[in-house]
Amino acid sequence: MGQFKSYKILTVGLVFLVLVLCFMMPWPEPMIHWLPQPSTVPEYVSESIDWDSLPQELPNLTSLLYWPPTGEDRDDFLASTSPRTSTYCLKGPAHTTFTLGSNLEAILVARDHRGRAKVHGGDLFRAQLLGPELRAGVPGEVKDLKNGTYLLSFPLLWAGRAQVQVRLIHSSEAVRVLQRVWREKRATVDFRGYFRGTDGPLETVICNVDPQSTGAKGPTCQYKDVVSGESWFCAQPSTLPCNALVGHSSGSYLKVTTSHDEALLAGNVTDQKLPSGVPPILVLPATQGNMSNMVTGQKLTKLVYSVLRLEPRASNIIALPSRPPCSPGHLSPKPSGFYYQDRWHSTFCSSRSFPTVDSILNCLAGRIVYMLGDSTLRQWWEYLRDTVPSLKPVDLHVTYQVGPLMAVETTRGTVLHWRAHSWPLRSLRTPVASLHSVARELHGLAGGPYTVVVLGIGAHFTTFPPSIFARRLVGIRAAVKALLDHEPSTLVIIKLANTGYKSVYGSDWLTLQVNRLLRAAFVGLRVAFVDAWEMTSTLNVPDNIHPRKLIVRNEVELFLSFICST
């Protein structure tokens, strides 16, 4: 009987594979995926961007993307915030020992390059509490008091030695540059569209999110997504029709900054560590007698500890609340987790580790996973492919950078898909037929208890005004809502954008705003979040838009924890 069941599973897996291959097989004549008969748009007339006029599904962008005032616009570089003169120290009486489960607080004073205290806020600082010996780290909360000072707060979640570290990611003056460019420029990059005629002639033009950004002097070609209603534009070729578009690639980075802007965003003042202002501390376990009476001057962490549980880890312990299984619909607190012994511990759900191939396969058994997004999400697909030997990739003869990619594990009936989101996408040259919008992909899914959808978008939208990303999210939210209304048992996971870029084209400040939009877009829907921002900004390792394997493993394990709990 067991042997028959194995054959049955194998047969079903092979049949499914054949069907998927037939469906995914590239056709000899690439067709434009969005609009079968593109329309021609007359010469574009410049108009200002009304970036608050968006559909009702998203809150007002002005309030959602609020940032504290950054002071007056001045050309004096020396008046900008300096990572070398800014200081921080413990709030209240100095301590070197603290109690597990309490909070450490510090006050940061921002100063300019002349050493003068700033009188306004708006800087982007990153605070961490690190435990190098324990391979531990937790993100700190940075509260802007809007007068040049900042309150730093760190929950003490492991016993042992710890050290505060603070970095200036961007001065308030650099943030003002990013704000201006993000809101006022229609685009900071462009793209190339490749047209081919029936007799072989080729033309290459500029494409972008709106007609003006194509640089066209005359009409443009419009390609409209039939599901989301979004449009993509290319300058109309001189000799070919709009429906001759067959290829897409990245184009150029546009000049959008002045020399003063570039000085404020230069590497010597960006993502720089402040001089240490708090000596190393020792966190001691709370005893039964003092569990409710923490050290004077310290307050309990904001996390609600209904039950404080001490878990042994080697010779040390960590503090975790009693947590429910990882399931969609739960709002994650801040911090959403912390690292200890190189493992991410969620503070809002009982995340698990998956130390063996079998533990991963048991979790994914029977699942069809659709990963839709950018290359940081492709890292999840690659991690599973490389970690599970029996998960075999299928060569679909496509551009790897864009996909679609597929891997199959026939004995457990597992299928993993990944494909890049559609325009705007910075990529190598790829067939237009491979560019499928997320909303359209979701529109075609049946869903159900064995369907998992993971969305990871944001990194390619920091080069456009927030209205562009907000409009994209409106279409995706509608598709996710329709899928969940039809099949509520479908698991949908949102991967937030992670740290990495530090320029006017892609910055941690811009990514923070993207993540605000992502969270707001899915309010009220039963989806789960993986906070890749915190998971990539918590350890003492250099930022990289494509994080190292240790971080990717922890992101994937949290993703698997949601699957195994449903």
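Analyst: Val453 stands opposite Val492 of strand E27. In this predicted model, strand E26, residues 451-456, and strand E27, residues 491-495, run parallel and are joined over four bridges. Both belong to an open sheet of seven strands with mixed pairing, in the order E22-E23-E24-E21-E26-E27-E28. The edges of this sheet are taken by strand E22 (392-394) and strand E28 (528-530); each has a single partner strand, so one side of each is left without a neighbour in the sheet. On average, neighbouring strands here are turned by 20° against each other, direction ignored. As a general point, strands of a sheet pair through backbone hydrogen bonds, either parallel or antiparallel.

Phe522 touches Leu455, Leu473, Ile476, Arg477, Val480, Ile494, Val527 and Phe529, leaving aside residues up to four places away in sequence. The largest nonpolar core has 114 residues, and the members touching the most others are Met371, Leu384, Leu442, Leu455, Val480, Phe522 and Phe559. In soluble globular proteins, nonpolar side chains tend to be buried together.

Elsewhere in the chain, antiparallel pairing is found. Strand E10 (residues 189-196) and strand E11 (residues 202-208) run antiparallel, joined by six bridges, and Phe195 stands opposite Glu203 in E11. These two strands form a hairpin with five residues between them, and Gly200 in the turn has a positive phi of about 105°. E11 also pairs with strand E13 (residues 231-235), in the antiparallel sense, over two bridges; there, Asn208 has Phe233 of E13 as its bridge partner.

A further open sheet contains four strands in the order E2-E4-E8-E7, paired antiparallel. Its edge strands are E2 (87-90) and E7 (141-144), each of which pairs on one side only. From one strand to the next, the twist averages 25°. E7 is joined to strand E8 (residues 149-155) by four bridges in the antiparallel sense, with Lys143 opposite Leu151 in E8.

How values were computed
Residues numbered from 1 in each chain as written. Predicted model: local features only at pLDDT ≥ 70, side-chain atom pairs only at ≥ 80, totals over all residues. Heavy atoms only, no water. Pairing = 2+ DSSP bridges. Axes fitted to C-alpha atoms, helices over the stretch in contact; angles between N-to-C directions. Core = buried A, V, L, I, M, F, W, Y, C linked by side-chain atoms within 4.5 Å. Buried < 20%, exposed > 50% of the residue type's maximum accessible area, 1.4 Å probe, protein only. Contact = heavy atoms within 4.5 Å.
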